[in-house]
Amino acid sequence: MKKLPMLINGQWVGEDRPGGHPVYNPSTGEQIAAITAGTKEDVDAAVAAARAAFESPEWQRVRPYERGQLLTELAREIRSDLDRWAELECADVGKPISQARADAEAAARYFEFYGGAADKVTGDTIPIEAGLLNATVLEPVGVTAHIIPWNYPLQIIARSVGAAIATGNAVIVKSAEDTPLTAHALAEWFSASWLPAGIFQHITGLGQEVGGPLAAHPGIGHVTFTGSVPTGISVMKAAAANVVPVTLELGGKSPNIVFADADLAKALDGVTKAIIQNAGQTCSAGSRLLVEESVKEEFLARLAEKFASLTIGPGKDDPDVGPILNDKQYRQIMDRIEEAKKTGRVVAGGEAVSPPGGGNGRYIRPTIIDGLAPDDPAAQEEIFGPVLTVFSFRDEAEAVALANGTDYGLVAGIWTKDIDVAHAAAARLKAGQVFINSYGAAGGVQMPFGGYKKSGIGREKGFVALRNYVQIKNIAIKFGD
Ligand code: NAD
């Protein structure tokens, strides 16, 4: 079985070490690789190499547009070999191949976007008084850490690493132990590029053994963490001990709000896609449906019909719904469904499906549960599976109160033809991103993304994310008498 080495200081490290963590194809349950079990010593070595590489004259001499050109080249490489990148992501995460292809295209777009932005990150001149030229200079923070979750590894690495390299930092990626394949492929590409050793490094291993020491390392200048709320809190605490800033992209329990006047066919499609993408294992999954009382029964009946027609199967067959990552994740989702059944009414799904075509993959039929109390754990906590809970509302105020009634605030969808209602609701929603008559909006790389409340701190994507990776230095120059 192929053991993936780490990339530290330009060297491939750890292939010959005993132990490691197996990597399975979620569609079949087959082992497809293993990762090197990194250690705190590996983290120390990577941070030292990153610091040396960052400070080297070789890197400091590289012009911003040259960093941009490198990222643009990577975007071209991904596009020219889109099927290979998609197949890796599909085998690793299990997602339907067309979704994996869309992820690879999005990764190319991130590298292209930040490649183009590299020489456009500018400071200001600030008018103070005659004889004083005051300016801000944006400097890279130095060494940046990127801790990655298992559900969208390629896109999530691309969005933060693209911005960090564009602004001149040395980056260390810690991939998720279950889905390291595209991170490794990126490491191979960077290691073969002209980038000095130590500017892009990839370390692997378990969260507590590698992610923890990385977040706590005093040599790091910024931590970007994408993952669950409890881990995000522990990363933030570790970074706080060194007064290091963090960007946290955490979970969600995002609502789709359907008003009676909406184009119900479009809403039906949007609500369905929002919960089945990557089998619901998506931070921004639309996992709560809030529907106006007068159309609730009609809408639910049509939704149940649509859910029953969805195809389920291995990622490579490009079904509507792929497998669940692993047995642990599957059990957590099924426990939640069984618990919710005690007080709720199952409108669709609610059960496991035998692995289509055999094998040991774990599959769950897309599920709709109605009739829960709004404070039921299944309606409050992230399930991270294809499970939609449903509530009805009588007016916009009640819809907004329900939508805002969780600890999360990542994304929200509003479906209505009434522009006044749409804008009024959007203004009152506590969510980092609001979609009106769409959901996900094709994942535009230019749109700032991040959460209110426990969904996170800071924003990724778009120009604004470049600010995560720079320090502002103010310089005042006195001239004349
Ligand atoms: P997780 O928190 O278990 O793990 C995320 C990463 O952190 C992994 O690389 C893991 O090895 C590492 N890690 C674990 N313990 C650590 C520790 N003590 N210190 C430092 N690092 C540690 O999350 P997951 O299960 O991989 O991902 C699912 C979660 O991620 C969900 O809650 C989902 O909503 C969230 N997510 C958010 C976004 C977003 O952009 N907001 C995107 C994708 C996923």
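1. The model is predicted, so local features need pLDDT of at least 70 and side-chain atom pairs count only at pLDDT 80 or more, while totals for chains, interfaces and linings use all residues. Residues are numbered from 1 along each chain as its sequence is written, and side-chain values use heavy atoms, with hydrogens and water left out.

2. Buried means under 20% relative accessible area, exposed means over 50%, and partly exposed lies in between (1.4 Å probe, protein chains only). Strands (E, at least two residues) and helices (H or I, at least four) are DSSP runs, numbered from the N terminus.

3. Arg288 belongs to strand 14. Its relative accessibility is 4%, which means that Arg288 counts as buried. The C-alpha atoms of Arg288 and Leu402 are separated by 9.7 Å, although the two residues are 114 residues apart along the chain.

4. Strand 14 runs parallel to strand 13 (residues 254-258), and 5 bridges join the two. Two strands pair if DSSP finds at least two bridges between them. Opposite Arg288 of strand 14 stands Pro255.

5. Both strands belong to an open sheet of 7 strands, in the order 15-18-19-14-13-20-21, with mixed pairing. Strand 15 (345-348) and strand 21 (433-436) are the edge strands, each pairing on one side only. On average, neighbouring strands of this sheet are turned by 25° against each other, direction ignored. Axes here are lines fitted to C-alpha atoms, for helices over the stretch in contact, and angles run from 0 to 180 degrees between N-to-C directions. Within the sheet order 15-18-19-14-13-20-21, strand 18 (residues 367-370) and strand 19 (residues 387-393) run parallel and are joined by 4 bridges. Ile369 stands opposite Thr389 in strand 19.

6. Thr406 sits in the loop between helix 14 (396-403) and strand 20 (411-415). Thr406 counts as buried because its relative accessibility is 6%. A polar atom of the Thr406 side chain lies 3.0 Å from the backbone nitrogen of Tyr408.

7. Another open sheet has 3 strands in the order 6-7-23, with antiparallel pairing. Its edge strands, strand 6 (125-129) and strand 23, each pair on one side only. The twist averages 25° from one strand to the next.

8. Strand 6 and strand 7 pair over 4 bridges in the antiparallel sense. They form a hairpin with 2 residues between them, and Gly131 in the turn has a positive phi of about 80°. Glu129 has Leu132 in strand 7 as its bridge partner. On the strand 23 side, strand 7 has 9 antiparallel bridges. Here Leu132 is the bridge partner of Lys478, and Thr136 that of Asn474.

9. Leu133, Val137, Ile475, Ile477 and Phe479 make a nonpolar surface patch of about 410 Å². Strand 7 (132-140) and strand 23 (470-478) are the elements that give two or more residues to the patch. A patch is made of residues with over 30% relative accessible area and no salt bridge; nonpolar side chains (Val, Leu, Ile, Met, Phe, Trp, Tyr) are joined within 5 Å, like charges within 9 Å. Val137 lies in strand 7 and counts as partly exposed because its relative accessibility is 33%.

Notes:
Accessible areas come from the Shrake-Rupley method with a 1.4 Å probe; for residues, only the protein chains shown count as cover. A salt bridge is a side-chain nitrogen of Lys or Arg within 4 Å of a carboxyl oxygen of Asp or Glu. A polar contact is a pair of N or O atoms within 3.5 Å; within protein, one must be able to donate a hydrogen and the other to accept it, and residues adjacent in sequence count only if both atoms are side-chain atoms.
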